[in-house]
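Please read it alongside the coordinates.

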Amino acid sequence: MRDARFAFAPGLDVAILGQDAVVEAFRREYAPREVPDRGDTALEIEFARLPRSSPAVTFGGRHKSVAWRVAVSPADASPTRMVIDLLGVPISFARSLVQGYVVEPMLSVIAAEHDRALVPGAGVADERGLTLVLGRSGAGKSTLMARLAATGHAVLGDDQLLVDGAGMGSAFPRRLRFYPDIETTAPEAYARMPISLRRRLRLRKALATASRGFIRPSLGVDRATIGARWVPGPLAIGRVVLLERGDHNGELRDEVATTEDAVTWAARLHAEQRARLNLSDDPVWRRRLAAVEERERTIELAAFSGLPVARLVVPHDRPASDAIAAVAEHLGFAI
């Protein structure tokens, strides 16, 4: 069994343990935050087989061809420990899903307890400060950031950022996530990819076609492969954008929003992020999660206070490439 350790923020150290393939996968994901020493950790995650019965808090999940079982230490244990059992094929698909459904949601819990909100959002910086884009999966955050990164903009992340109460945003080192349609939705990024990555995207497209969309894994891509650099931050947040798809036709809608709107929006995203972290049946875990929600609200109220907040609604009839170009232009970024 191997292990790797990552330091995401002060006190927010995470250890990943498991077979070579699992540990190497997470090393690729979180490489900029890997640290060599083996000191205290806030969260320990082991990938291993689970016994049929366990004294720990347990839950499971399933998505298409894969499944997982998870055992979590009691809510008052320190550090928090998880054991994750991956099932089904391809196992890399299960690992990727568990990263988004279990590992990072639990990391968001630990982050809040260390005075950081792991916000489901994207971020790009310029002389105006950090533009924080909050939006649900499918809103277009990743495609927007891929296009901005490929054209030289300082992108901190496409899916999650760490935010503190002083209004500073820091990069979360997760790799960018691309699907085969990146060729048309973000042609600048696709053009910069090496042939090997384009080939892997084509294979994913073939897999999705052969399975009639049943298996449609994304491809994790290091930002350096599209010419982007690692921008860790922290940087001062200059504005907050609430990005969503609308049911109207025509032009983008830009609506003024408030700090409270942004905090409420972020709370919904946190809830969605932790929806598969099924711990609410345990009363002690339920209290711990409620305290985390309140702590996140406090952090985000302080972080967003006094900032301009806009709600940007993308019409559903605009092709993805055109819609993302319009969003970038509206926000003042050339692509």
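Which elements do the buried residues of H9 pack against? They pack against helix H3 (141–150), strand S16 (235–245) and strand S18 (309–314), where contact means heavy atoms within 4.5 Å. The structure is a predicted model, in which local features need pLDDT of at least 70 and side-chain atom pairs count only at pLDDT 80 or more, while totals for chains, interfaces and linings use all residues. Residues are numbered from 1 along each chain as its sequence is written, and side-chain values use heavy atoms, with hydrogens and water left out.

**Helix H9 and the segment after it**

Helices (H or I, at least four residues) and strands (E, at least two) are DSSP runs numbered from the N terminus. In helix H9 (residues 320–330), the residues Ala 323, Ile 324, Ala 326, Val 327 and Ala 328 are buried; buried means under 20% relative accessible area, exposed over 50%, and partly exposed in between, with a 1.4 Å probe and protein chains only. Leu 331 lies in the segment after H9 and, with a relative accessible area of 7%, is buried. Leaving aside residues up to four places away in sequence, Leu 331 touches Arg 128, Leu 144, Arg 239, Val 241 and Leu 312. The C-alpha atoms of Leu 331 and Thr 131 are separated by 8.8 Å, although these residues are 200 residues apart along the chain. H9 is also followed by Gly 332, whose phi is positive, near 90°.

**Aromatic pairs and charges over rings**

A pair of aromatic rings is described by the distance of the centres and the angle of the planes. Searching the whole structure gives 8 aromatic pairs, where rings of Phe, Tyr and Trp (its six-membered ring) pair if their centres lie within 6.5 Å, and planes under 30 degrees apart count as stacked, over 60 as edge-to-face and the rest as tilted. The pair of Phe 6 and Tyr 30 is edge-to-face, because the ring centres are 5.5 Å apart and the planes stand at 80°. Phe 6 belongs to strand S1 (residues 2–9) and Tyr 30 to the loop between helix H1 (20–29) and strand S3 (34–35), so this pair ties together parts that are 24 residues apart in sequence. Both partners are buried, Phe 6 at 0% relative accessibility and Tyr 30 with a relative accessible area of 2%. Tyr 30 also forms a tilted pair with Phe 26, at 5.9 Å centre to centre and 45° between the planes, and Phe 26 counts as buried at 1% relative accessibility. Ring pairs link Phe 6, Phe 8, Phe 26, Tyr 30, Phe 47 and Phe 172 into a cluster.

Charged groups also sit over rings, a term that requires NZ of Lys or CZ of Arg within 6 Å of the ring centre and within 35 degrees of the ring normal. The charged end of Arg 128 sits over the ring of Phe 333, 4.9 Å from its centre, and that of Arg 198 sits over the ring of Tyr 190, 5.0 Å from its centre.

**Packing of H1 and H2**

The axes of H1 and helix H2 (residues 91–112) come within 11 Å and cross at roughly 65°; axes are lines fitted to C-alpha atoms, for helices over the stretch in contact, and angles run from 0 to 180 degrees between N-to-C directions. Ala 21, Val 22, Ala 25, Phe 26 and Glu 29 of H1 make the contact with Arg 95, Gln 99 and Val 103 of H2.

**A buried glutamate**

Glu 296, in helix H8 (residues 283–304), is buried with a relative accessible area of 2%. Not counting residues up to four places away in sequence, Glu 296 touches Ser 108, Ala 112, His 270 and Arg 274.

**Backbone geometry**

Most residues other than glycine have a negative phi, and most peptide bonds are trans. The table lists departures from this.

| Site | Value |
|---|---|
| Ser 78 to Pro 79 | cis, omega near 0° |
| Val 89 to Pro 90 | cis, omega near -10° |
| Lys 64 | positive phi, near 55° |
| Asp 115 | positive phi, near 65° |

Pro 79 is placed in the loop between strand S6 (66–72) and strand S7 (80–88), and Pro 90 in the loop between S7 and H2. Lys 64 is found in the loop between strand S5 (57–63) and S6 and counts as partly exposed at 34% relative accessibility. Asp 115, in the loop between H2 and strand S8 (117–119), counts as partly exposed at 40% relative accessibility.
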